Amino acid sequence: WLWLYVAVEPASGESFVLFLPRLDGGCFERFLAAFRRAVPGAAVTLVCDGSGSHRSGRVTWPEGIAPLPLPPYSPELNPTERLFEELRAALANRVFDDLGALDQALTEALRPYWDDPAALRRLTGFPWWLEAVRSITPSTP
């Protein structure tokens with residue numbers, strides 16, 4: 001198996017993707033650590049769906065990354081879901097000989113968004129989402 005872990009920044013179209021062998025708390029923690037290294041020092045709020053790996057109480061969240069859990073059964077609130085829809089369409093009804101072939105197909109499907117972040121911004125940057133993010137006032141401890 002190969003699981004795709006993705007973080008998308010809808011306002012800029014930047015993304016961070018990691019292919020990992022399992023969908024569990026341990027791999028999610030590896031994703032978070034790698035993501036933290038990719039965006040050092042930035043305060044990040046990461047939208048999380050109801051995946052068990054996102055809700056695992058055993059996951060240690062890196063400093064500066066905070067989870068924003070979505071309500072149950074609300075994929076329409078998660079900008080990353082639009083990217084997953086595109087990936088499902090590109091990879092549907094295909095059989096891969098091995099994980100390397102799947103990795104290559106996923107990379108080819110993602111490359112247009114990596115090469116052109118504006119395409120990912122158009123796909124995930126819902127106007128209501130961008131407005132909500134702009135209106136958030138950081139809280140002070």
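A residue is termed buried when its relative accessible area is under 20%, exposed when over 50%, and partly exposed in between (1.4 Å probe, protein chains only). The structure described here is a predicted model, in which local features need pLDDT of at least 70, side-chain atom pairs count only at pLDDT 80 or more, and totals for chains, interfaces and linings use all residues. Residues are numbered from 1 along each chain as its sequence is written, and side-chain values use heavy atoms, with hydrogens and water left out.

The cysteines were examined for disulfides, a disulfide being a pair of cysteine sulfur atoms within 2.5 Å. The structure holds 0 disulfides. For cysteine 48, the closest cysteine sulfur is that of cysteine 27, at 15 Å, which is too far for a bond.

Helices (H or I, at least four residues) and strands (E, at least two) are taken as DSSP runs and numbered from the N terminus. Two strands are said to pair if DSSP finds at least two bridges between them. E3 is joined by 5 bridges to strand E4 (residues 65-69), and the two run parallel. Cysteine 48 has proline 69 as its bridge partner in E4.

Aromatic rings were considered next. Rings of Phe, Tyr and Trp (its six-membered ring) pair if their centres lie within 6.5 Å; planes under 30 degrees apart count as stacked, over 60 as edge-to-face and the rest as tilted. The whole structure contains 9 aromatic pairs. In one of these, the ring centres of phenylalanine 16 and phenylalanine 31 are 5.6 Å apart and the planes are at 50°, so the pair is tilted. This pair links distant parts of the chain, since phenylalanine 16 belongs to strand E2 (residues 14-20) and phenylalanine 31 to helix H1 (residues 25-38), 15 residues apart. Phenylalanine 16 is buried at a relative accessible area of 16%, as is phenylalanine 31 at 2%. Ring pairs also connect Tyr5, Phe16, Phe28, Phe31, Phe35 and Trp61 into a cluster.

Helix H5 (residues 117-124) has Ala118, Ala119, Leu120, Leu123 and Thr124 as buried residues. These residues pack against strand E1 (3-9), E2, helix H3 (80-91) and helix H4 (99-115). The axes of H4 and H5 are 4 Å apart, at an angle of about 100°; axes are lines fitted to C-alpha atoms, for helices over the stretch in contact, and angles run from 0 to 180 degrees between N-to-C directions. Angles under 35 degrees count as roughly parallel, over 145 as roughly antiparallel, 65 to 115 as roughly perpendicular and the rest as oblique. H4 and H5 are therefore roughly perpendicular to each other. With contact defined as heavy atoms within 4.5 Å, Tyr113, Trp114 and Asp115 of H4 meet Pro117, Ala119, Leu120 and Leu123 of H5.

Two glutamates were also examined. Glutamate 81, in helix H3, is buried with a relative accessible area of 17%. Its contacts, leaving aside neighbours within four places in sequence, are with Asp49, Pro75 and Arg88. Glutamate 108 is in helix H4 and is partly exposed, with a relative accessible area of 49%.
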